Amino acid sequence: PKDIETQHTLPEFIQTRGGVALRPGDGIIHSWLNRMLLPDMVGTGGDSHTRFPLGISFPAGSGLVAFGAALGVMPLDMPESVLVKFKGEIQPGITLRDLVNAIPYAALQSGQLTLPKEGKINVFSGRCLEIEGLPDLKVEQAFELSDASAERSASGCTIRLNEEPIREYLESNITLLRWLISEGYEDKKTLERRAQAMQEWLDNPVLMQADENAEYNAVIEIDLNEITEPLLACPNDPDDVKPLSEIANTKIDEVFIGSCMTNIGHFRAAGKLLENVSDPLPTRLWISPPTRMDKFQLEEEGYYDIYKKAGVRTEIPGCSLCMGNQARVEPNSTVVSTSTRNFPNRLGDGANVFLASAELSAIAAVLGKLPTVDEYQQYMNDINPLSDQIYRYLNFNEIDTYVESANSAEIPTINIVNPS
């Protein structure tokens, strides 16, 4: 078949033109691409979830993306922006996914977003989403917010972060890129150029910032002190956000923890919540880490043993159920998912899908229903004290196996010409 032939020939085609090709089983392209970004980068991609947590990106059709790749430029009418400003402190038990859902929830309350398809109002549609007020997020966390701008129908998204988390991320990614060279990934020169460009930024860091007199189509302020319970997107519309208290005790048949909206912290949290489960789960629970590095580290830390004991169906790193054309949930089932979107029939025929955090999803998998707010907080009390241990991200420059391989890699000689 033609698609299988393309699967075999496309990597070489990309690599011989200076591109980087991933391998089967490596995982989700969005999660990988984030590891290759620079903080002042403008980019594009042929999927709606090409939403950089650093710099800014504008997804486009594949033809326009190819145009940009070949010429290094693409036509773009700069859109208006909507500013989302968070203030206050994140409350106990509240996750980044709840803050993702807080954005459409706030717009629903103010009338800037409506649910009916006919005459729909959507302040975000076609506009750039700019997010402020969470400057100390890790870059992996920031991606949850930028990634979900696709579901807002925004043209792009940018998040204002402090230098420290960006520096931590780039130092990690330099090691990862050189580890890729040691593993035989191509194009080696492209990988090394990017590693050197990251080091140059670290030596002279410059952050993107809005102009002081910037004008916005709308400004939405969200008080974190007022978000005291989880927020979920209800079936089957990512805009239809409700507090947990309004939908608690809904029976759940299947649960999916995976997609580009997840990182290793989510899978550790799920593992801790499943650790003491002795009875068979009343739901079918699917778990699919975003990259093979996440899978390897989770295996090393014993989390796959916990998943196996709990009867979890583990998928190879990748999109899995979120893709909508691979595995499927049972027809007409009710599902809690960490995936990007819950459009009708995407995860399964006639399925009703709630979008929620990995933590709430794991609790629903254990209970067979959406928990009450009290039940949710009781389970979260078990993992809140372990937050520093659970929400550690993959800093490859601190993991011996990656550092040793990166240090022993045959680094190609690169001549970088500075246009200035």
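Visitor: What volume does the second largest cavity have?
Guide: In this predicted model, the second largest cavity has a volume of about 60 Å³.

Visitor: And which residues line the second largest cavity?
Guide: Its lining is made up of R97, V100, N101, A148, E151, R152, P238, M261, T340 and L355. Helix α4, residues 96–110, gives the most to that lining, with three residues. Sorted by class, the lining has five nonpolar, two polar and three charged residues.

Visitor: How many cavities of 30 Å³ or more does the structure hold?
Guide: There are five of them. The largest cavity has a volume of about 240 Å³. Of the 21 residues lining the largest cavity, S31, R35, E140, T262 and N263 are the closest to its centre.

Visitor: Which element gives the most to the lining of the largest cavity?
Guide: That's α5, with four residues. Both α5 (139–147) and α10 (292–300) supply at least two residues each. By class, you'll find twelve nonpolar, five polar and four charged residues in the lining of the largest cavity.

Visitor: New topic! Where is R328?
Guide: R328 sits in the loop between β11 (313–314) and β12 (334–337).

Visitor: Why does R328 count as partly exposed?
Guide: Because its relative accessibility is 29%, and partly exposed covers the range between under 20% (buried) and over 50% (exposed).

Visitor: What does the side chain of R328 make a polar contact with?
Guide: One partner is the side chain of D349, at 2.9 Å. A polar atom of the R328 side chain also lies 2.5 Å from the backbone oxygen of R346.

Visitor: How far apart are the C-alpha atoms of R328 and L347?
Guide: They are separated by 5.6 Å, with the two residues 19 apart along the chain.

Note on methods:
Residues numbered from 1 in each chain as written. Predicted model: local features only at pLDDT ≥ 70, side-chain atom pairs only at ≥ 80, totals over all residues. Heavy atoms only, no water. Buried < 20%, exposed > 50% of the residue type's maximum accessible area, 1.4 Å probe, protein only. Polar contact = N/O pair within 3.5 Å; in protein donor to acceptor, adjacent residues only side chain to side chain. 1 Å grid on protein atoms, 1.4 Å probe; cavity = no way out; pocket = protein on both sides within 12 Å on 5 of 7 lines; lining within 4 Å. Points joined across faces, edges and corners; volume = space filled by probe spheres on them. Nonpolar A, V, L, I, M, F, W, Y, C, P; charged D, E, K, R; others polar.
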